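Here is a short briefing on a ligand site and a nonpolar core. Keep the structure open while reading.

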Amino acid sequence: MAYYSRLVGSGSYLPEKVLTNDQLAELVDTSDEWITERTGIKQRHIAAEGQMTSDLAREAALKAMDYAGVKASDIDLIVVGTTTPDDTFPATAVKLQAQLGMTRGAAFDLQAVCSGFVYSLSVVDAMIKAGQAKTALVIGAETMSRIVDWEDRGTCVLFGDGAGAVVLRAENGISENEPRWNQRRGILSTHIHSDGTLRDILYCDGGPSSTGDAGVIKMEGKDVFKHAVTNLSSIVGEALSANGLEAKDIDWLVPHQANKRIIDGTRKKLGMDESKIVLTVDKHANTSAASIPLALDTAVRDGRIQEGDLILMEAMGGGLTWGAALARW
Ligand code: UT7
């Protein structure tokens, strides 16, 4: 009998301030029409002055804990996927640990940019399977607005701030030889990849040991777009075949929300109907590691995702990094 990770709750948080495409068009040479047509984005949320990644993460975490009915004293692992930590050190997850009043276990951040949530799920799932954690908070939280070059119309229109969280609990699983093992509720499998040679098409031009400041996002949009379409198709194929499943078995595709055209490309390759895609990019823009848990929580709370539904999550981001996770809610 082995452990597996059961998904027992989700939560999310968006800062109050909304920045619409029209408002952005007053700052840079762009238009609602261009942004909508090229990306599907209509608006993004922006953290208030002084509001940090840990503040967004805490709100999302508290909602996920409430949903799951777990207390801080039940949690023994916090992993925060983030590219925009409050400080160079210590980790945002450790700050959150103190704020939540969690007094045992471990907390750390994971840096895989837009793939941060899928990477975090993968690491936490492995730790739960290994018996190293029993109740874990997995969070994607970002204040991307702090590392955006607000004079670069090619990137500043794309990003937003927010946080999403899930609670994973170790359950004693049925044997993997059991024919219907993939019917269990929780994480079925995770798949992660990276290719560091593609660093230059999407990166931040600063850092503690290079420039001494955080830097701003630099991106070759067209190149990233091409890699996204290729890598996301291959990763979803990998996730499905690892579980002996086909696209028609998936109830919900919960993709990283970078660009509606990338999401449509993956959906078409899978032959999935538009009604099975959770799309939040119009309202949230690209919130990097926060985008999948934000979309997941949106669809859980509005009743689209129901108990037992099969969910395919996928993401690609700077690194390049990419990954997928298949789970039953
Ligand atoms: O989370 C993972 C990381 N990011 C991504 O996945 C993003 C991947 N890339 C993309 O989503 C798209 O490449 C973009 C949305 C960034 C750009 O769309 P595109 O269709 O590839 O446009 P483009 O970069 O080729 O630009 C086309 C034109 C250019 O003008 P010229 O050279 O044709 O005269 C740009 O200067 O659009 C211009 N442009 C803009 N115009 C108005 C670029 N940004 C803007 C803008 N408003 N905000």
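**Ligand site and core**

Domain 1 (2-173) and domain 2 (185-328) each contribute at least three residues to the shell around the ligand. The model is predicted. In total, 23 residues surround the ligand.

**Shell around the ligand**
- The closest residues are Thr 30, Arg 38, Lys 222, Asn 259 and Asn 286.
- By class, the shell holds 11 nonpolar, seven polar and five charged residues.
- Four helices, α2 (32-39), α6 (153-156), α7 (221-242) and α8 (260-270), each supply at least two shell residues.
- Which of the elements gives the most to the shell? α7 does, with four residues.

**Polar contacts and cover**
- The side chain of Trp 34 places an N or O atom 3.2 Å from a ligand oxygen.
- The side chain of Arg 261 has an N or O atom 3.1 Å from an oxygen atom of the ligand.
- Arg 153 uses its backbone: a polar atom there is 2.9 Å from a ligand nitrogen.
- On its own, the ligand has 950 Å² of accessible area, and the protein covers 73% of that.

**Largest nonpolar core**
- This core has 43 residues.
- Leu 24, Ile 217, Ile 250, Leu 270, Met 272, Leu 312 and Met 316 have the most contacts inside it.
- At least two core residues come from each of α7, α8, β12 (310-317) and β13 (321-328).
- α7 gives the most to the core, with seven residues.
- Domain 1 and domain 2 each provide at least three residues of the core.

Note on methods: Residues are numbered from 1 along each chain as its sequence is written. This is a predicted model: local features need pLDDT of at least 70, side-chain atom pairs count only at pLDDT 80 or more; totals for chains, interfaces and linings use all residues. Side-chain values use heavy atoms; hydrogens and water are left out. A residue is near a molecule or strand if one of its heavy atoms lies within 4 Å of it. A polar contact is a pair of N or O atoms within 3.5 Å; within protein, one must be able to donate a hydrogen and the other to accept it, and residues adjacent in sequence count only if both atoms are side-chain atoms. Accessible areas come from the Shrake-Rupley method with a 1.4 Å probe; for residues, only the protein chains shown count as cover. Ala, Val, Leu, Ile, Met, Phe, Trp, Tyr, Cys and Pro count as nonpolar, Asp, Glu, Lys and Arg as charged, and the others, Gly among them, as polar. Domain bounds come from an automatic or database domain assignment. A nonpolar core is a set of buried Ala, Val, Leu, Ile, Met, Phe, Trp, Tyr and Cys residues joined through side-chain atoms within 4.5 Å. Buried means under 20% relative accessible area, exposed over 50%, partly exposed in between (1.4 Å probe, protein chains only).
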